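User: I would like a close look at one part of this model, with its neighbours placed around it. Please take me through it step by step.

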Amino acid sequence: MKKILLPFILLLLSAVSHAQNYPQNNDFLWLTVPDHADWLYKTGEVAQVEVSLYRYGIPQNVEIDYEMGPDMMPTEKSGKLTLKNGRAMLKIGTMKTAGFYDCRFVANIDGQTTKHHVKIGFSPEKLVPYTQNPSDFDDFWSRQVEEARRTKLTYTMTKSDKYSTADLDCYLVKIKTDAQHSVYGYLTRPKADGKYPVVLCPPGAGIKTIKLPMRNNYYSKNGFIRLEIDIHGLNPELSDETFKEISTAFGHENGYLENGLDNKDNYYMKHVYVACVRCIDFLTSLPEWDGRNVAVQGGSQGGALSLITAGLDSRVTLCVVNHPALSDMAGYKAGRAGGYPHFNRENGMLTEEKIKTMSYYDVCNFARRIKVPVYMTWGYNDNVCPPTTSYIVWNLISAPKESLITPINEHWTSETTNRGQMQWIKSHLK
């Protein structure tokens, strides 16, 4: 197992232009520096954070409000802190059990409000899932894949001239994944004849079109066949307005993640998980596949689906993920952060029946079954897929694994990190 921690200053500079904590073209800049360089403490250790605030690059002497509490949980402590020469030390305290603590800051200067937060970890390597491992988990998923494969694998590939270039071809693909469902995707591959490794890229959460499929064309330029998919059976060439209307029909943007949750056989995501396996069926049927290498790669919901596919399909040889969603989703029942989509926020979503269904679909139980190398990236300041659940997944993986931990990151990764993942895959090919 390897763990990589990027230098704090480099992360900070990158975050200024990318993270929610540091929005572009903002007059204010917050710096929050824990007294442990890796932002991690043992349970029982007392943590301190140096807080700084600049406006136009000038240190601000101002009183700020703060509140603190465990990751994604209600406030436990609040107060005021006076910055002198733009900075002050704040004693955070400690945690008695493993987890993350979130410190949130607000300042009002000349009628403008600016906010910031920082999460620090306490013995996160000891975090364990609330999610149970059903005794019939493997039988259940074997049956689902077997049932789907009773439908012959058929697909269409239509050349997309607008996305093809001099050195790679792009195709709009439609794959029949079971008797009722299909998925669309964009496949890119090198134009030159040859045999190539394949990469499946499932999408982040939402009902939306695949934006700019060529933004990741560096995969094909480096000798990969890459398939970026939609999971809802919707042609990505449809208009944004149409996608919005369909999304609204589910009640809210990601309402599909609640659809059928009372019964594991009726849950919406059942056909999605199986579809990812059928996409591997498709990729490994291509005559251009090298016959050895099958990678899965994605972030958030796409990270979850990558881990799920690696746990379901023994043909997968490499797995690369960012801050996976759908991880220990019922974790709120343990009195701590649970995973996206945060079912605790709606009444009636953490019932015994629904929690039982979740256990068949939770990333935790697929992570337990992964046997191939995993490369995983997550940040501590993430409020979408919190670090508590990322660590839980990481702790469950017994296969060879490497991590890129970027503490300051919220729900994003840099272009450098994204390209580094492709290089990691390339360096681990058989």
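**Strand β4 and its surroundings**

Strand β5 (residues 58–59) is joined to β4 by two bridges, and the two run antiparallel. Strands here are DSSP runs of E with at least two residues, helices are H or I runs of at least four, and both are numbered from the N terminus. Two strands count as paired if DSSP finds at least two bridges between them.

The model is predicted, so local features need pLDDT of at least 70 and side-chain atom pairs pLDDT 80 or more, while totals for chains, interfaces and linings use all residues. Residues are numbered from 1 along each chain as its sequence is written, and side-chain values use heavy atoms, without hydrogens or water.

Stay with the turn. β4 and β5 make a hairpin, with two residues between them. Tyrosine 56 sits in that turn and has a positive phi of about 55 degrees.

Strand β2 (residues 28–34) pairs with β4 in the antiparallel sense, over seven bridges. There, leucine 29 stands opposite tyrosine 54. Strand β8 (residues 87–93) also runs antiparallel to β4, with six bridges. In that pairing, serine 52 stands opposite arginine 87.

How enclosed is β4 (residues 47–55)? Seven of its nine residues are buried, so the rest of the structure largely encloses the strand. Buried means under 20% relative accessible area, exposed means over 50%, and partly exposed is in between (1.4 Å probe, protein chains only).

Helix α9 (residues 387–396) is also largely enclosed by the rest of the structure, because nine of its ten residues are buried. Among them are Pro387, Tyr391, Ile392, Val393, Trp394 and Leu396. Thr388, Thr389 and Ser390 are buried too.

Next, a sheet. Five strands form an open sheet with mixed pairing, in the order β3-β10-β9-β6-β7. β3 runs parallel to strand β10 (residues 112–122), over two bridges. Leucine 40 stands opposite glycine 121 of β10.

The model has 24 aromatic pairs. Rings of Phe, Tyr and Trp (its six-membered ring) pair if their centres lie within 6.5 Å; planes under 30 degrees apart are stacked, over 60 edge-to-face, the rest tilted. Tyrosine 163 and tyrosine 186 are an edge-to-face pair, 5.4 Å centre to centre with 85 degrees between the planes. Tyrosine 163 lies in the loop between β11 (155–159) and β12 (168–176), and tyrosine 186 in strand β13 (residues 182–190), so the pair ties together parts 23 residues apart in sequence. Tyrosine 163 is buried at 18% relative accessible area. Tyrosine 186 is buried as well, at 3%.

One aromatic cluster holds Phe137, Phe140, Trp141, Tyr267, Tyr273, Tyr360, Tyr361 and Phe366. Tyrosine 360 also has a charge over its ring: the charged end of lysine 264, 5.2 Å from the ring centre. The cut-offs for this are NZ of Lys or CZ of Arg within 6 Å of the ring centre and within 35 degrees of the ring normal. Arginine 226 places its charged end over the ring of tyrosine 219, 4.8 Å from the centre.
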